[in-house]
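Thanks for coming, everyone. Please have a look at the chain on the screen before I start.

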Amino acid sequence: MKRILISIFCLFLVFYSTLGQTPEKRQYKATRISNAPAIDGILDDEAWKEGTWADEFTQNRPYNGKPSIQRTDFKILFDADNLYVAIRSFDTSPDSIVNRLTRRDQADGDLVGIIIDSFHDLRTGFLFGVSSSGVKYDQMFTNDGQNQDSSWDPNWWVRTSINKEGWIAEMRIPFSQLRFDKNSGEVWGFDIARIIYRYDEQSFWQHIPRDASEFIHLMGELTGLEGIKPRKILDVTPYGVVKAETFRAEPENPFRDKGRKFGLNGGLDAKIGITNNMTMDLTLNPDFGQVEADPSVVNLTAYETFFSEKRPFFIEGNNITNFNIGLGNGDVGNDNLFYSRRIGRAPHGNPDLSGGLHADIPIATSIIGAGKLTGKTKNGLSIGFIEAVTAEEKAKIDSEGKRTYETVEPLTNYFVGRVQKDINEGRTIIGGILTGTNRYLDSNLADFMHKSAYSGGFDFTQYTKDKKWMFNLNAAFSQVNGSKKALDYTQRSSARYFQRPDNDYTKYDTTRTSLMGSGGRMQIQKLNGHLFLLGAVTWKTPGFETNDLGYLREADQIISVIVAGYSLWDPKWIYRNFNINGDIFLMNNFGGDVTSMGFEWNASTELKNYWSVWTGGNLSGTSLSTGMLRGGPMMKLPGNTSARIGFSSDYHKKFTYSIYFNGSDGWEKDSWNLNAGTDLSYKPTNYLLFTISPSYSKSFSELQYVDNLTYNNNDRYIFGSIKRKTISSSLRVNLNLSPNLTIQYWGQPFIASGKYYDFKYITNPMADRYSDRFHTYTSGQLTEKPDNYSIDENTDGSEDYTFNKMDFNYKAFLSNLVLRWEYSPGSSVYLVWSQTRNGYNSTGNLDFFNDFGDLFNHRLYRQDDNYHLNNVFLIKFSYRFGLK
């Protein structure tokens, strides 16, 4: 740990010596016009006779620095309200232009776009792009292009046309959709980009080198916009929803006796320009019925499954409110002070329905309203504030006609405040964040929920002059407050397990009413060139807790990582590009134990024929788990080796596919798993796309947690061997009738099984020999019963304890059909059909054909209480009033 910290510090001292020069910037002068052109993609208006055409594009890929294969030129005009852009993409083979219809922001085929840095802070860019078929793709770039926000959907107009010389894009971009200060039009940053799909070529007017760490600061300059005035945006978009839901009627349940429900709902979204650079987004009673459901999973761990955010209000502009203290992707990389899925989540409470009671329990918490203020001043101060209020939710409980109500989620206020300041043209960045959660709890919920929770942090980033090296520090703190029972629950949670009997470095206090902790990440990184280097350390103290508004998988953790990689991107020999990287990692807890260490490596290449191949592996040594016994002592676990390999075909073709395999093997033959899958894609026409992604996994573990019991005043940590099988697939159909009218279907069949056997209890979790760490029950000790297992541990003929059977077979089919028509910019109609099918049995076996057939056996849904079928139909209509 100390050696890694010293190495990072030494790198920080020398990274200023790596200085370089940026390419000379090109300039283009826009021309003011008095008569606006009609946006039709033709360029035959008198306005386009004014101004100057500019060309000479340079490749970014595949041949960095070489002239573009095809000629591209552009012209920029403006008036008091709009920027007008014309881009002519010449092509010597116009019939080879790849002209595909897709949904907005999923543009495919030949593309062009303009990126505008209207702040001219050299860190922020607004992309207005279009495909040759007229599909918009717009993005907001922050942090000099490192972060991309595809959910940003400004209101602008564009048309395209194909002719014998190539294709044309004609754009009208209202100044109200850009953020800039008065009298700031002397110089803006900008660039024009083009992608020629069949050559896999990306070129820019102002050359962006392939080895550039970021790109906004390297763009060219747009001049001549003197006299323009900022336009404050004011858009108000009311919506209405008509909803019908069907399910199996349950005559004995008064909440589901009719088998159907109907609903009518409405709300309001608004976007208000507070100042020239600050925008407030408001939503009242939002509805996200058109959003795709989360995929099915079976989670046998003690940790929460992480799901990505899909709701538009929380996605747009989420870069500014992000405060990540994790590393990379996956479980460790998700740790963040703000996890927006907490707002509007499923209620925490679960009423006791024993005795034949029935209840109507909300499946999600209603959001009364939310507001978001984002923007950036001319002095480089970025801000992001979110305030949201969710409703108190009550379960309706029926007992022989008598109705009672139980609160399952309290009225809650959520707050996030984030600021960042750019200094020295973005080479130095300092910032901070503060989050707060305040709940109005009743006596029932106060036993396991925090009354209040706060977190905050400070971040500092320093780049070298040429932005080839970067040093970053994110430091955070947390505090949660509540009743003694709630804090006892927090201390005993899977994130920390304070109650562990061998835990001698933290204090488990049942009288505690608050808990504080800290966490953070420090890293130094080489950003450009063929060689990539990264050294990083993350830490989370045992008392660190952010799960009220953030996401934290596990506290009490220090992770140190050193990463090195090498990339070649100029096509040579048989490849177009090649990448290889590896890392070594070390994990500690705050008791000084080395809990894990290992090595990872990855390699990938794209061949000259556009096929790709990738491989990788992992070598993890013997580890110490503080969570294996779920509150019991630390346990030593064997190491394992894993490997993966895959390939994909030429993505330019109508039919493409990829195949992958990965697997792992425990060093003590204590575990193994095998995963295989494929992704198939077929584009029969330019407006229709089919994709299917089936996968199969099979695994074995000798130590799967079952239960924790007491026998003769001693803990019995019960485990079993388990064999698991999972078959799943994702099917998507995209039918694009026009750039603004699309039909999308998504379906996911999912079948998973788990069979337990060879039950055992832990005897010596830290024994040197693996086989000495547990005792497997003999046939004389274990007796199988219909619903459980009976244990006679001392074999005296009497039952000492029991534990439940855990075998499972779970199956589900989720589907979502959405017709979306954006009949005017910002105004849409959605027609949605969502269906959920799921079933369960305790056989523990998987038979694909029978299980898949059961998902569509309507007799089971009518007669078996373990099978459920639910349909939701809705129509959502919204209309945007652009008041300014």
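Some ground rules. This is a predicted model, where local features need pLDDT of at least 70, side-chain atom pairs count only at pLDDT 80 or more, and totals for chains, interfaces and linings use all residues. Residues are numbered from 1 along each chain as its sequence is written, and side-chain values use heavy atoms, with hydrogens and water left out.

Strands now. Helices (H or I, at least four residues) and strands (E, at least two) are DSSP runs, numbered from the N terminus. Two strands pair if DSSP finds at least two bridges between them.

Take the open sheet with the order β18-β21-β22. It has 3 strands, and the pairing is antiparallel. Which strands stand at the edges? They are β18 (358-360) and β22 (402-409). Each has a single partner strand, so one side of each is left without a neighbour in the sheet. Neighbouring strands here are turned by 30° against each other on average, direction ignored. For that angle, axes are lines fitted to C-alpha atoms, and angles run from 0 to 180 degrees between N-to-C directions.

How many bridges join β18 to β21? The count is 3, with β21 covering residues 393-399. A359 has I397 in β21 as its bridge partner.

Next, the hairpin. Strand β39 (residues 695-711) pairs with strand β40 (residues 714-728) over 14 bridges, in the antiparallel sense. T710 stands opposite D715 in β40. The hairpin has 2 residues between the strands, and N712 takes a positive phi near 55°.

β40 also has a link to β42. Strand β42 spans residues 741-762 and is joined to β40 by 10 bridges, again antiparallel. S728 faces F750 of β42 there.

Is Q748 buried or exposed? Buried, with a relative accessible area of 8%. The cut-offs: buried means under 20% relative accessible area, exposed over 50%, partly exposed in between, with a 1.4 Å probe and protein chains only. What does Q748 touch? Leaving out residues up to four places away in sequence, Q748 touches P295, S296, S729, A812, F813 and L814. Contact means heavy atoms within 4.5 Å. Q748 and I692 are 56 residues apart along the chain, and their C-alpha atoms are separated by 9.6 Å.

On to charges. The structure holds 44 salt bridges. The criterion is a side-chain nitrogen of Lys or Arg within 4 Å of a carboxyl oxygen of Asp or Glu.

Start with K376 and D121. Their closest N and O atoms are 2.3 Å apart. K376 lies in strand β19 (residues 367-376), and D121 in the loop between β6 (111-117) and β7 (125-131), so the pair ties together parts that are 255 residues apart in sequence. Both K376 and D121 are buried.

Compare D294 and K310. This salt bridge has an N to O distance of 3.9 Å. D294 and K310 lie in the loop between β17 (278-284) and α2 (312-315), so the pair ties together parts that are 16 residues apart in sequence. D294 is partly exposed, at a relative accessible area of 25%. K310 is partly exposed too, at 25%.

Then E304 and R342. Here N to O is 2.8 Å. E304 sits in the loop between β17 and α2, R342 in the loop between α2 and β18, and they are 38 residues apart. E304 is partly exposed at 37%, while R342 is buried at 4%.

There is also a network of salt bridges. It links R104, D138, D153, R820 and E822.

Now burial in a helix. Helix α3 covers residues 484-491, with A486, L487, D488, T490 and Q491 buried. What covers these buried residues? The cover includes β26 (469-481) and β27 (514-526).

Last, the surface. I562, I584, F599, W601, L619 and W667 form a nonpolar patch, with about 550 Å² of accessible area together. Patch residues have over 30% relative accessible area and no salt bridge; like charges are joined within 9 Å, and nonpolar side chains (Val, Leu, Ile, Met, Phe, Trp, Tyr) within 5 Å. Areas come from the Shrake-Rupley method with a 1.4 Å probe, and for residues only the protein chains shown count as cover. L619 lies in strand β32 (residues 612-620). L619 is partly exposed, at a relative accessible area of 41%.
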